[in-house]
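Reader: Hello! Could you walk me through this two-chain model, from overall shape down to single residues?

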Amino acid sequence: MDNEGSNSQQDFHGGNSRCLSVLKAAFPATLPVFAGFWFLGLAYGIYMHSLGFPFWYPMCMSALIFAGSLEFVIANMLSGAFAPLQVLLISLLVNARHVFYGIAMLDRFRGLGFWRKTALIAGMCDETFAINYSAKVPQGVDKGSFMLAVTLFNYSYWVSGATLGGLFGNALSFNTRGLEFVLTAMFTVIFTQQWLKDRSRIPELTGFGCAFLCLLCLGPQNFMVPAMLLITLMLAFLRKPLSGRL
Amino acid sequence: MTLAEQILTVLIGAAATQFTRFAAFIFFAGKKTPAFLAYLGKCLPGAVFALLVVYCLKDVSVFTGSRGIPEAAGIAATVLLHLWKRQMLLSIAGGTALYMLFVQTVFA
């Protein structure tokens, strides 16, 4: 709460320049997401267009759901029969990994104030979590404002990309094949940074091991939730030996 | 599906997504984070970033098509660039450019 107080005082004195310095710090961190989200958002908008939906479908869905892979799934279901329970279960399963992000951010979002915290949680997709968890915030820039700016930037990229895809999707013809790899590369860099920073690499190796094992045994459609359960179980087992080394 | 059913479908998906994001904060809203969760909060990110990389590569087949060569090259370039220069944007741009080169020319 102290944080909030000092912020409003700072805003009072030099709000605009402070706001600008936050945006200047946050924007470069979100550039890879800009490339990736516009590409995937356009692809999603084009996909909805090809299913025969007008542009406001991808616009509203991306703004309300804001979870890329689920939006593709629901786009498909919209053309079928109404199955509310199925939608609910699939949505929970596809997005179950968000629970992990929440656990990792529990302490970092503490004391940020109700609205700011609510916005940060509501907009916490994979990419936003990865940046907000790992980014080094420059000195003099408020961490909470930085994270909020990252969240809003990423959100706007996705919604605008999806909307543009729905509007102009068919007119695009330049060769962007392979651009989606930008998100893979971003996660790879963030993983590399974490690997270099951590004193023990056992969490990383546990993550890889469990993910690979579940992918091999269960296939690409069904491996995520079992992999997450297995990771949690393994880390619970490793708590004693790991506790002193994190 | 009628329009009302479509709206309901989207709202269910949105609500379920928000539930997964808020769950940890709802269930552990107490003053102090339980010790086990604090431990998980510290060691999960490393594991989750590994999981996300695997998730991005989940549809790659090493037995058919380009055999995962563009992906392997792109990731190797990304990691090496990062170990060398430690410039996030450079690593991402370099890895992605190499990947795009592979899928647009060699494996077109």
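Author: Gladly, and let us begin with chain A. With 246 residues, a compact globule would have a radius of gyration near 18 Å, and chain A agrees, with 20 Å. The radius is taken over C-alpha atoms, and the globule rule is 2.2 Å times the number of residues to the power 0.38. This is a predicted model, in which local features need pLDDT of at least 70 and side-chain atom pairs count only at pLDDT 80 or more, while totals for chains, interfaces and linings use all residues. Residues are numbered from 1 along each chain as its sequence is written, chains are lettered from A and ligands numbered from 1 in the order in which they are written, and side-chain values use heavy atoms, with hydrogens and water left out.

Reader: What radius of gyration does chain B have?

Author: Chain B has 108 residues, and a compact globule of that length would be near 13 Å. Its C-alpha trace spans about 50 × 50 × 30 Å along the principal axes. The radius of gyration of chain B is 21 Å.

Reader: What share of the contacts in chain A between residues at least 6 apart joins residues at least 24 apart?

Author: A contact means heavy atoms within 4.5 Å. In chain B, 32% of the contacts between residues at least 6 apart in sequence join residues at least 24 apart. For chain A, the share is 74%.

Reader: What percentage of chain A counts as buried?

Author: Buried means under 20% relative accessible area, exposed over 50%, and partly exposed in between (1.4 Å probe, protein chains only). In chain B, 48% of the 108 residues count as buried. Of the 246 residues of chain A, the figure is 47%.

Reader: How much of the accessible surface of chain A belongs to carbon and sulfur atoms?

Author: Accessible areas come from the Shrake-Rupley method with a 1.4 Å probe, and for residues only the protein chains shown count as cover. Chain B has about 5300 Å², of which 71% belongs to carbon and sulfur. Chain A has about 11700 Å², and its carbon and sulfur share is 68%.

Reader: Which residues lie closest to the centre of the largest pocket?

Author: A pocket is an open set of points on a 1 Å grid over the protein atoms alone, where a 1.4 Å probe fits, with protein on both sides within 12 Å along at least five of seven lines; lining residues have an atom within 4 Å of a point. The largest one holds about 1200 Å³ of space, a volume filled by probe spheres set on points joined across faces, edges and corners. Of its 38 lining residues, the closest to the centre are Ser69(A), Tyr55(B), Cys56(B), Lys58(B) and Asp59(B).

Reader: Which element of chain B gives two or more residues to that lining?

Author: Chain A contributes several such helices, including α1 (2–50), α9 (181–197) and α11 (224–237). From chain B, the element is α2 (35–56).

Reader: What is the phi of Phe66(A)?

Author: Most residues other than glycine have a negative phi. Phe66(A) sits in the loop between α2 (56–64) and α3 of chain A, and with 3% relative accessibility it is buried. Its phi is positive, near 45°.

Reader: And what phi does Arg67(B) have?

Author: Arg67(B) is in the loop between α2 and α3 (69–85) of chain B. A relative accessible area of 48% makes Arg67(B) partly exposed. Although it is not a glycine, its phi is positive, at about 55°.

Reader: Which residues does Ala25(A) touch, beyond those up to four places away in sequence?

Author: Ala25(A) belongs to helix α1 of chain A. With a relative accessible area of 17%, Ala25(A) is buried. The residues that Ala25(A) touches are Pro138(A), Val141(A) and Phe146(A).

Terms used
Helices (H or I, at least four residues) and strands (E, at least two) are DSSP runs, numbered from the N terminus.
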